[in-house]
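User: I would like to learn how to read a model like this one. Please take it feature by feature.
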Amino acid sequence: MSSHPPGSCCSVGTLFEGTPTGQDIKIGDGKIDAYVAKAPEGKARPGAGILYVPDVIGIWQNSKLMADNFAASGYTTLVIDLFNGDPVPINPTQPFDFMKWMTQGSDGKNPHTTEQVDPIVLAGIEALKGLGVSKIAAVGYCFGAKYVVRHYKSGISAGFLAHPSFVTDEELAGIEGPLSIAAAETDSIFPTDKRHKSEEILIKTGKPYQINLYSGVEHGFAVRGKLDVQVQKFAKEQAFRQAVTWFDEFLA
């Protein structure tokens, strides 16, 4: 496996300040929650948009604000609820059983495996097309990274991952387009050996790739870092710019 399954570090983080300016919507015949941030007129990149595939916390303050920032950079962005209203709480006060949550859901009846998540990602891709997006990029944070990698075949043209989890070697080897990865210096989910293994796999794909390593930060920095800590703020902002620069190049 190119990265380990999610763990306790995947729900630890800070809340970004700001007021989201996008819109809560329903997709997939009205069954799936989503959040859309539309690129402003005059700044939108024609036909280009971003599918935002979130970490286990799903659609929340931080993912909405990041979608707004992608939209301000010219990319209409859609955040999808991968978990049918059953995300992992931020900073849980009690030990959280991630594997049980993934295989059974919080209520024991709502699992979050590929069988359930893949159709949601497909619905997100179709919803973006309905918004006039013909060139689809995707960003995947932690849990969401797996589903960016899995769905190049479904219409994703370029991808960006930050501190990925649960990506298999076979999934990574199967990408059909350019991929950029932002990695943390300290990350038990995507440690050094997994990062190097990913490099070996990406070289063999023959597709354009990039792996940037950010010092002084841990798993989750790109979406849940402490913005009052300069090294974390810098890494978060640079990872965001990394994604935008990648898409500017490969969705042109």
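Analyst: Start with β6, which is mostly covered, as six of its seven residues are buried. Buried means under 20% relative accessible area, exposed over 50%, and partly exposed in between (1.4 Å probe, protein chains only). Strands (E, at least two residues) and helices (H or I, at least four) are DSSP runs, numbered from the N terminus.

The model is predicted: local features need pLDDT of at least 70, side-chain atom pairs count only at pLDDT 80 or more, and totals for chains, interfaces and linings use all residues. Residues are numbered from 1 along each chain as its sequence is written, and side-chain values use heavy atoms, with hydrogens and water left out.

User: Which strands pair with β6?

Analyst: Two strands pair if DSSP finds at least two bridges between them. Strand β5 (residues 135–141) pairs with β6 in the parallel sense over six bridges; one of the bridge partners is A162 in β6, facing Y141. The chain goes from β5 through α4 to β6 in a right-handed β-α-β crossover. Right-handed means that, with the strands pointing away from the viewer, the path from the first strand over the helix to the second runs clockwise. Strand β7 (residues 179–186) also runs parallel to β6, joined by four bridges, and G159 has L179 in β7 as its bridge partner.

User: Where is H151, and is it buried or exposed?

Analyst: H151 is in the loop between α4 (143–150) and β6 (156–162). H151 counts as buried because its relative accessible area is 3%.

User: What does the side chain of H151 make a polar contact with?

Analyst: A polar contact is a pair of N or O atoms within 3.5 Å; within protein, one must be able to donate a hydrogen and the other to accept it, and residues adjacent in sequence count only if both atoms are side-chain atoms. Here the partner is the side chain of D118, at 2.8 Å. Contact in general means heavy atoms within 4.5 Å. Beyond four places in sequence, H151 is in contact with D118, V121, L122, I125 and I156.

User: How should I read T76?

Analyst: T76 lies in strand β4 (residues 76–80) and is buried, with a relative accessible area of 14%. The T76 side chain reaches the backbone nitrogen of A39 at 3.1 Å. Setting aside neighbours within four places in sequence, the contacts of T76 include V36, A48, I50 and L128.
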